[in-house]
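Reader: I would like to go through the labels used for this model and set each against its definition. Please start with the pairing of strands.

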Amino acid sequence: MAENSSLFPTYLIALFIMSRLISTIGYRLRDDPEAIRLASTDYGHIHSENPAAVLYPSSIHDISSLIKFANNVSVPFGVAAKGQGHSTRGQAMVHNGVVVEMSSLRNRHGSSGIEVVSTTSKDDVTVYYAEVGGEQLWVDVLHATLEHGLSPVTWTDYLYLTVGGTLSNAGIGGQTFRFGPQISNVYEMDVVTGEGDFVTCSPNNNAELFYGVLGGLGQFGVISRARIALEPAPKRVKWVRMLYSDFSAFSRDQERLISINGRQQSNALDYLEGSLLINQGPPDNWRTSSFFPQPSHKKIVSKVNKHGIIYCLEVVKYYDHQTESTVDKEVQNILNGLNYLPGFKFENDASYVEFLNRVRSGELKLQSEGLWDVPHPWLNLFIPKSRIADFDQGVFRDIVLKRNITTGPVLVYPMNRSKWNEKMSAVVPEEDVFYTVGFLHATGFDEWKAFDEQNKEILEFCVKAGIDVKQYLPDHKTQQGWMKHFGSKWKTFEKRKALFDPKRILSPGQRIFQIQE
């Protein structure tokens, strides 16, 4: 493991917590070496923290009892809810406290944790939604809702994440420009607050908690249930990639396409992302293996070698049996006039599930090669539209090309700020359009520091150039850094912490607040 901050022996603290909790929660609390090991690591494989114990809850009551106990002892201890452990900087860890293994709730007897519901609104419109446990995986939500011909409308690229985990951050992907992040598609939640209270919240009921928890980095409560918006699901997708050598044409075309973003607009795309092709291996990567036809690889690599970077614009239009005869013409009309490289447009046709779960095959391949559980020094940023060209020149074409170490996917695509709810805790740039940029590095255990140095150089460049970036899946070391991150939202964030978690015991791995003794 790259880092371990367990500087003080945990045995006595663990013994104290275990002895006091055992009568309340019993065998569901574990402090054996295997449980501690699993709770002390995450997808990043960079940071490590040993908890005193791990709770494997059989009910939400177990979580509530734990949090109430943590508040009432003479020395409060931290509690961190862990879904899939897909964080990269120890955000779901807790030093000398208790990690709650949320996946344990998937085994609740007699409950799938996912229920599809239809109801009629005041305007006599049928509304569909899914009642989903916070511990559930999005891939399971997909399959459960498809059984009813329905589906959520906005997704992360990788589906093996928990509902509670993505809603605690935002949940972004190629559908965000049109349908907003996942946090913008929640009607209601059940939350266990930092005082152990079980609260149902929505925009009209306990709204302060509702808006705080969505994008709140786990600071105000543990999401036990979310009511997720659903719409009729498509059957298949038209999937197109176009290559660019000129960044201004690439960004201009992306911005034009996302300007058509009405939820009911038939001439709008359903998905848009962009990425970089750099001279580091074949054009396809683990996220979307084998998209480009094999005969085209040579000419794509030739373009990359000539220009250093090729920009890839990826778009999707959904269809079903009713639109099957017209979808090709619709896609042609949408893409008409784009300025991609002639001869470098590639099309695929896939089922809706194949497309949404496209990362899974790459994951399984990496797992089989022992390359999945490795360090992931990721950096995810939101960049104002007005500065994205400066970022391209200063970062992509300077820092990244000069260092020449980037091997994982690098994403770059725009979003519409209007699709985000300002009342929620999630932070985005002030401009109407902003870009997400993701450096999704995977390295050897003796190499991750070089990538971290590149990340630091990128952030330093942004500071010197006056680019007001916001980190997504943020990692700040000081409260001053967090105050700058939240900006005008900091006072509200701090107020909500005092209201819903006054002893500051929840999610200490984010390093935003110190536990209040």
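Reader: What stands opposite L29 in β2?
Author: L55 in β2 stands opposite L29. The model is a predicted one, in which local features need pLDDT of at least 70 and side-chain atom pairs count only at pLDDT 80 or more, while totals for chains, interfaces and linings use all residues. Residues are numbered from 1 along each chain as its sequence is written, and side-chain values use heavy atoms, with hydrogens and water left out.

Reader: Why are β1 and strand β2 (residues 53–55) said to pair?
Author: Two strands pair if DSSP finds at least two bridges between them. β1 and β2 have two bridges, in the antiparallel sense, so they pair by that rule. Strands here are DSSP runs (E, at least two residues), and helices are runs of H or I with at least four, numbered from the N terminus.

Reader: What makes β1 (29–30) and β3 (79–82) edge strands?
Author: The open sheet has four strands in the order β1-β2-β4-β3, with mixed pairing. Each of β1 and β3 pairs on one side only.

Reader: How many bridges join strand β5 (residues 114–120) to strand β6 (residues 126–133)?
Author: Seven bridges join β5 to β6, and the two strands run antiparallel. I114 has V132 in β6 as its bridge partner. The two strands form a hairpin with five residues between them, and D124 in the turn has a positive phi of about 65 degrees.

Reader: Why are α13 and α14 called roughly antiparallel?
Author: Angles run from 0 to 180 degrees between N-to-C directions, and axes are lines fitted to C-alpha atoms, for helices over the stretch in contact. Angles over 145 degrees count as roughly antiparallel. The axes of α13 (residues 388–403) and α14 (residues 448–465) cross at roughly 155 degrees and come within 11 Å, and the pair is therefore roughly antiparallel.

Reader: Which residues of α13 meet α14?
Author: D390, F391, G394, V395, I399, V400 and R403 in α13 meet α14 residues including A450, E453 and F461.

Reader: How confident is the predictor, by pLDDT, in the protein chain?
Author: The chain averages a pLDDT (confidence in each residue, from 0 to 100) of 93, and 92% of the residues score at least 70. Over residues 3–12 pLDDT stays under 50.

Conventions: Contact = heavy atoms within 4.5 Å. Parallel < 35°, antiparallel > 145°, perpendicular 65-115°, else oblique.
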